[in-house]
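Opening the notebook on a new model today.

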Amino acid sequence: MTAHETQATSPRNRKAGDTRAALIRAAEQLFAAKGVDGASLNEIKRAAGQRNAMALQYHFGDRTGLLRAVLDKHLPAVDARREVLLQQYEDGGAADLRSLAAALVLPAAAELADPDGGREFLQIVAELLNRPAPLVELIVTKGSSIHPWRRLVQPLLAPESTAVFHTRFTAMRFCHAELAARAASRPRRDDRLFTSRLVDLVTALLAAPVSEQTARLLRERQARP
């Protein structure tokens, strides 16, 4: 065993790792139950069994750092699953909006089956995306799989859908709102029917045409001085 490995597995470092994990788990539960801004940091420390008043600040700095750690616990797995689906889509070579809707829904929906905070994660993401001022930058980071997803979806949508109406973001918000509602309810034995129908609905939202009335109102607004 190397000196680095010995240091990483020392009792002191193991205890620090356990403390960090306990704080993240408590934050998942309380952020999901009370909202990201509704749960106090003192509540989180108590729920994690931490008497040290500086434990949270030591590991995460502040509330945003703790929230980032909660998201970082789950987002890499979601991104990895989505990247596989997007690669399969590109390898297939055929334009298929439902496949792209599935690439949005299914990687996140898999968190319903994650007993280590997956359901709480879905509720937190939905809150962040559906705020009046969404905190998108916490979820769609520089390396996020949402970037290639958006690029692949764009050519299949009406021009106004991406230039004016932000339909892709609306699809994301709707998808996560539905997943959060499912996550907040009692666990089911099988989520496949739910997720398949959610893919249907996201496909329909992405494919929704811009009506003549909407187009006319848009032209009128754009013509205003």
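Predicted model: local features only at pLDDT ≥ 70, side-chain atom pairs only at ≥ 80, totals over all residues.

**Entry 1: salt bridges**

I counted the salt bridges and got 16. Glu127 forms a salt bridge with Arg131, with 3.1 Å between the closest N and O atoms. Glu127 comes out at 24% relative accessibility, so I log Glu127 as partly exposed.

Asp37 also pairs with Arg131, and here the closest N and O atoms are 2.9 Å apart. What does this pair tie together? Asp37 sits in the loop between α2 (11-34) and α3 (41-47), while Arg131 sits in the loop between α7 (118-129) and α8 (146-153), so the bridge ties together parts that are 94 residues apart in sequence. Asp37 is exposed, at a relative accessible area of 54%, whereas Arg131 is buried, at 17%.

Next I looked at a pair within one helix. Asp200 and Arg197 meet through their side chains in a salt bridge, 3.5 Å from N to O. Both belong to helix α11 (residues 192-207) and are three residues apart, so about one helical turn separates them. Asp200 counts as partly exposed at 27% relative accessibility, and Arg197 counts as partly exposed at 49%.

I also found a network: salt bridges link Arg25, Glu28, Lys73, Asp116 and Glu120. I'm keeping Glu28 in mind for the last entry.

**Entry 2: the cavity**

How many cavities of 30 Å³ or more does the structure hold? I get one. The volume of the largest cavity is about 110 Å³. I listed 14 lining residues, and those nearest the centre are Leu75, Arg82, Ile139, Ile146 and His176. Two or more lining residues come from each of α5 (63-92), α6 (97-109), α7 and α10 (167-184). The most come from α5, which gives four. By class, I have 10 nonpolar, two polar and two charged residues in this lining.

I then went to the second largest pocket, which has a volume of about 160 Å³. Its lining is made up of Val136, Val140, Ile146, Arg150, Thr162, His166, Thr167, Arg168, Phe169 and Met172. The elements giving two or more residues to this lining are α8 and α10. Which element gives the most to it? That is α10, with four residues. The classes split into five nonpolar, three polar and two charged. I flag Ile146 here, as Ile146 lines this pocket and is also among the residues nearest the centre of the largest cavity.

**Entry 3: Ile124**

Last, I picked Ile124, which is found in helix α7. Is Ile124 buried or exposed? At 0% relative accessibility, Ile124 counts as buried. Leaving out residues up to four places away in sequence, I see Ile124 touching Glu28, Phe31, Ala32, Val36, Leu67, Val70 and Leu71. Glu28 is the residue I had kept in mind, as one of the members of the salt-bridge network. I also checked a distance to Gln29: Ile124 and Gln29 are 95 residues apart in sequence, yet their C-alpha atoms are 9.5 Å apart in space.

Definitions and conventions:
Residues numbered from 1 in each chain as written. Heavy atoms only, no water. Salt bridge = Lys/Arg side-chain N within 4 Å of Asp/Glu carboxyl O. Buried < 20%, exposed > 50% of the residue type's maximum accessible area, 1.4 Å probe, protein only. 1 Å grid on protein atoms, 1.4 Å probe; cavity = no way out; pocket = protein on both sides within 12 Å on 5 of 7 lines; lining within 4 Å. Points joined across faces, edges and corners; volume = space filled by probe spheres on them. Nonpolar A, V, L, I, M, F, W, Y, C, P; charged D, E, K, R; others polar. Contact = heavy atoms within 4.5 Å.
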